[in-house]
Amino acid sequence: MRLTKFTDLGLRAVMRLAVAEENAPLATREVAEAMDVAYSHMTKVISRLQHLGVIEARRGRGGGLGLTRLGRQASVGWLVRELEGEGEVVECEGGQPCPLRGACRLRAALREAQEAFYSSLDPLTVSDLVASPTGPVLVGLVGRRPG
Ligand code: SF4
């Protein structure tokens with residue numbers, strides 16, 4: 001099972017925001033730079049995370065992005081499911097549909113395996129992901145490539 005780049009960036013963003021100081025929210029550009037990814041990619045990811053209610057934009061002086069309570073407590077399995085969408089691990093439909101697609105035991109087995117993968121991530125929360133040693137490393141990434 002391989003996650004999309006979009007999902008990986010989403011997880012990186014929430015991990016970085018999970019270790020941000022409560023009174024020092026980050027700008028999208030800071031998150032992108034800390035994670036060493038293009039700003040344009042990160043804006044799409046941030047937008048999706050906002051839509052999911054995982055992060056919020058705080059306005060005004062000292063404003064920026066922060067994790068919501070849902071974001072902190074969210075199950076990693078749920079978050080990965082949401083970011084990955086409905087896709088299967090094998091493309092059975094698409095431009096050249098597989099002739100077995102209507103009655104394929106392999107397809108059913110792969111769906112079960114995919115669900116087992118997600119389920120294995122369900123007990124984890126975003127907060128779990130930023131426990132040591134990951135959290136301190138994330139904090140140290142702030143402003144690594146100031147733009
Ligand atoms: S053999 Fe089964 S799993 Fe593979 S593409 Fe065809 S329908 Fe999908």
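**The nonpolar core**

Mentor: The largest nonpolar core has 27 residues, and those with the most contacts inside it are Ala 13, Val 14, Leu 17, Val 31 and Ile 55. A nonpolar core here is a set of buried Ala, Val, Leu, Ile, Met, Phe, Trp, Tyr and Cys residues joined through C-beta atoms within 7 Å. This is a predicted model: local features need pLDDT of at least 70, side-chain atom pairs count only at pLDDT 80 or more, and totals for chains, interfaces and linings use all residues. Residues are numbered from 1 along each chain as its sequence is written.

Trainee: Which elements each supply at least two residues of this core?

Mentor: Helices (H or I, at least four residues) and strands (E, at least two) are DSSP runs, numbered from the N terminus. Helix 1, helix 2, helix 3, strand 2 (64-67) and helix 5 (76-84) each supply at least two residues. Helix 1 gives the most, with six.

Trainee: Is Ala 13 buried or exposed?

Mentor: A residue is buried if 20 or more other C-beta atoms lie within 10 Å of its own, exposed if 12 or fewer, and partly exposed in between, with C-beta atoms placed from the backbone. Ala 13 has 27 C-beta neighbours inside 10 Å, so Ala 13 counts as buried. Ala 13 lies in helix 1. Leaving aside neighbours within four places in sequence, Ala 13 is in contact (C-beta atoms, placed from the backbone, within 7 Å) with Val 31, Met 35, Met 42, Val 45, Ile 46 and Leu 49.

Trainee: At what angle do helix 1 and helix 3 pack?

Mentor: Axes are lines fitted to C-alpha atoms, for helices over the stretch in contact, and angles run from 0 to 180 degrees between N-to-C directions. Helix 1 (residues 5-18) and helix 3 (residues 39-51) pack at about 75 degrees, with axes 9 Å apart. That makes helix 1 roughly perpendicular to helix 3; angles under 35 degrees count as roughly parallel, over 145 as roughly antiparallel, 65 to 115 as roughly perpendicular and the rest as oblique. On helix 1 the contact includes Phe 6 and Leu 9, and on helix 3 it includes His 41 and Arg 48.

Methods: Two residues are in contact if their C-beta atoms, placed from the backbone, lie within 7 Å.
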